[in-house]
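New notebook page, new structure. I want to look up how its parts pack, one entry at a time.

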Amino acid sequence: PEVLLLRGRLAWITSRPAAAVRDWQRSLALAEAVGQQFDLGRVHLEMGRRLGDREHLERAEAILAEIGADWDLACAHEALGKLSDQTRP
């Protein structure tokens, strides 16, 4: 899952969003299949940040809180806050 997460990040920053999403989805599926909750949370966080997707950020927040990944959880809270600021009139 980590390699696919990073590959997706590279695709995103090199202006290939479709490839990024494809890699992140594969990473999610693999993390889910092998039960790697930390990786699952981090991929949701990455997708939520990059895509501006509240659902991914909320999923990341729930997973990271459940496993006690405090630093990544704080990142999810921050991203959700920024997203909320952007959607306010």
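I started with the crossing of α3 and α4, and it is left-handed (the near helix is turned anticlockwise from the far one by less than a right angle; clockwise would be right-handed). This is a predicted model, where local features need pLDDT of at least 70 and side-chain atom pairs pLDDT 80 or more, while totals for chains, interfaces and linings use all residues. Numbering runs from 1 along each chain as its sequence is written, and side-chain values use heavy atoms, without hydrogens and water.

Next I checked the angle: the axes (lines fitted to C-alpha atoms over the stretch in contact, with angles from 0 to 180 degrees between N-to-C directions) of α3 and α4 (residues 54–67) come within 8 Å and cross at roughly 150°. The two are therefore roughly antiparallel, the word for angles over 145 degrees. Helices here are DSSP runs (H or I, at least four residues), numbered from the N terminus.

Then I listed who makes the contact (heavy atoms within 4.5 Å). On the α3 side I found Phe38, Leu45 and Met47 among others, and on the α4 side residues including Leu57, Ile63 and Leu64.

Which residues does histidine 44 touch, leaving out those up to four places away in sequence? I got Leu28, His56, Leu57, Arg59, Ala60 and Ile63. Histidine 44 sits in helix α3 (residues 37–51). Is histidine 44 buried or exposed? Histidine 44 is buried, because its relative accessible area is 11% (buried means under 20%, exposed over 50%, partly exposed in between, with a 1.4 Å probe and protein chains only).

Terms used: Angles under 35 degrees count as roughly parallel, over 145 as roughly antiparallel, 65 to 115 as roughly perpendicular and the rest as oblique.
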